[in-house]
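Subject: Structure for your review

Dear colleague,

Please find below the structure that I am handing over to you.

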Amino acid sequence: MNRKLLREARLWLIAIPIALWTLIPIYHIFLFSISTKDSAFSGKLWPDHPTLRNFGTVFREEHFYLHHFWNQIWNSLWIALAVGAITLAVATCAAFAISRLKVRGGRTVMNAALFTYFIPAAFLAVPMYKAMGAYGLLNSRWSLVLAMVTLASPYAIWVLKQASDKLPWELDEAARIDGATPLQLFRLVYMPLMTPSLVAIGIYALLLAWNEYLYAFLLLSKDTEVTLAVALGNFLAADDSPWELLMTTGLIYALPPAAIYYVFKRYMQAGLTAGAVKA
């Protein structure tokens, strides 16, 4: 009993500092968002006169840097959903072909795709920019979608392939004996059993695109086309940056992915665990 209490005490001693380290920056963002510009840097743990005026300013687009707020957050959402859907479609079909259909050269292609992760994504930004320019896709949301799908797909294929390898082969054999075609096998057997992993990978790709800054900054330049992540960087261009509005906008921007994660948390944990190790 004493050993159990001692073990729990050690875990709490580790968990509490980590929790504080994680939550304090979030608390400061919230503190800025409910403070006026004059009191934002007062150093107090709670403002004397908390206000929600900053949220109204953001929602009504009343500041110079916020004139396209709703358009930019829509760009972020559109791009994130497109990246999630396309990555999921590509990775699902590829993993099924490699794992269940055993297509020739499938593992080689997957390993070659994973090899791209040895190169930092930042080093690929300039070649990606030139490629998008050559195809006339610069300043188009599709340029960022294609770039993010390229970055997300290798890992997505690997995770889904590992999860697919753990499915019983007897199900495939039984379906083929009943006369199922590969497409029916994919739709009626593979997809339902892979649901947790598919949800996890879809959300992974969505959040990757939602939080992307470098590629969005390079490939998109129009105020009406950029994502909100890039627009937030514009706040820092001024000599007297409106920090209270920056933090308010950042807090609003962080809410959708947090909500998505907590709604699908059960699928995320089950899906990523299923593809983490090979049986």
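Helices (H or I, at least four residues) and strands (E, at least two) are DSSP runs, numbered from the N terminus. This is a predicted model, in which local features need pLDDT of at least 70 and side-chain atom pairs count only at pLDDT 80 or more, while totals for chains, interfaces and linings use all residues. Residues are numbered from 1 along each chain as its sequence is written, and side-chain values use heavy atoms, with hydrogens and water left out.

Overall picture

The protein has 13 helices and zero strands. Its C-alpha atoms fill a box of roughly 75 × 70 × 35 Å along the principal axes. Of its 279 residues, 38% count as buried; here buried means under 20% relative accessible area, exposed over 50%, and partly exposed in between (1.4 Å probe, protein chains only). Among contacts (heavy atoms within 4.5 Å) with a separation of 6 or more, 75% are accounted for by residues 24 or more positions apart.

Salt bridges

Side chains of opposite charge can pair when their charged atoms come close. A salt bridge is a side-chain nitrogen of Lys or Arg within 4 Å of a carboxyl oxygen of Asp or Glu. A search of the whole structure finds two of them.

One joins Arg60 and Glu62, with the closest N and O atoms 2.6 Å apart. Arg60 is exposed, with a relative accessible area of 52%, and Glu62 is partly exposed at 48%.

The side chains of Lys161 and Asp165 also form a salt bridge, at 2.7 Å from N to O. Both residues lie in helix α6 (residues 141–165), four residues apart, which is about one turn of the helix. Lys161 and Asp165 are both buried.

Lys4 is located in helix α1 (residues 2–33) and is partly exposed, with a relative accessible area of 48%. Together with Arg3, Arg7 and Arg10, Lys4 forms a positive surface patch. Such patches are made of residues with over 30% relative accessible area and no salt bridge, where like charges are joined within 9 Å and nonpolar side chains (Val, Leu, Ile, Met, Phe, Trp, Tyr) within 5 Å.

Glu244 belongs to helix α12 (residues 243–263) and is buried, its relative accessible area being 8%. Leaving aside residues up to four places away in sequence, Glu244 touches Phe32, Ser33, Ser35, Lys37 and Asn54.

Yours sincerely

Terms used:
Areas by Shrake-Rupley, 256 points an atom, 1.4 Å probe, with all protein chains shown as cover. Lys, Arg positive; Asp, Glu negative; His and termini not counted. Charge placed at Lys NZ, Arg CZ, Asp CG, Glu CD.
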